[in-house]
Amino acid sequence: MITAFNPLGHLYLKWRNFCLNRELEHDLDKRGLEFLPVLVSDHQFDYLEHSFCVCMDLEEAVIIADHYQQFAVFIVDDNELSLCPCQLFIDQGIIEVERVGLFNHLVRSPKGANQGIESMVWY
């Protein structure tokens with residue numbers, strides 16, 4: 001999962017984040033990638049971030065996320081949600097993954113229906 005929200009961890013205004021994510025959406029579409037909009041949250045659902053589940057190679061996901069100045073991408077495999085830092089891969093070609101939790105506990109579609117996305121492998 002990739003977002004363009006809050007580049008480099010700086011908190012942007014809502015409208016600016018949506019503009020950045022719109023650019024990312026156009027970029028994903030231009031590349032011919034299959035994607036779905038989702039909301040990613042923390043464990044307490046205090047924070048929600050609009051993102052995209054994208055079916056692509058992990059290396060390509062990290063490169064795109066780095067272009068949008070993101071620190072990491074989320075990986076989903078068999079309902080397991082993990083975090084993969086971008087910079088370690090960009091600098092050293094190392095893929096390091098940290099388990100975060102269950103996909104269906106932390107990710108929702110904007111309309112609340114996750115039909116079909118839990119059963120796929122998304123980066």
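Start by selecting Arg-22 and Glu-25: both sit in helix H1 (residues 14-30), 3 residues apart, about one turn of the helix. Helices here are DSSP runs of H or I with at least four residues, strands are runs of E with at least two, and both are numbered from the N terminus. This is a predicted model, in which local features need pLDDT of at least 70 and side-chain atom pairs count only at pLDDT 80 or more, while totals for chains, interfaces and linings use all residues. Residues are numbered from 1 along each chain as its sequence is written, and side-chain values use heavy atoms, with hydrogens and water left out.

Now look at the side chains of Arg-22 and Glu-25, which form a salt bridge at 2.9 Å, N to O; the term means a side-chain nitrogen of Lys or Arg within 4 Å of a carboxyl oxygen of Asp or Glu. Arg-22 is partly exposed at 45% relative accessibility, and Glu-25 is partly exposed at 24%. Partly exposed lies between buried (under 20% relative accessible area) and exposed (over 50%), using a 1.4 Å probe and protein chains only.

Next, select Asp-27, Arg-31 and Glu-60, which a network of salt bridges links. The Asp-27 to Arg-31 contact is 3.0 Å, N to O. Is Asp-27 buried or exposed? At 11% relative accessibility, Asp-27 is buried, whereas Arg-31 is partly exposed at 43%.

Finish on Glu-60, whose closest N and O atoms with Arg-31 are 3.5 Å apart. Glu-60 lies in helix H2 (residues 58-67) and Arg-31 in the loop between H1 and strand S1 (34-41), so this pair ties together parts 29 residues apart in sequence.
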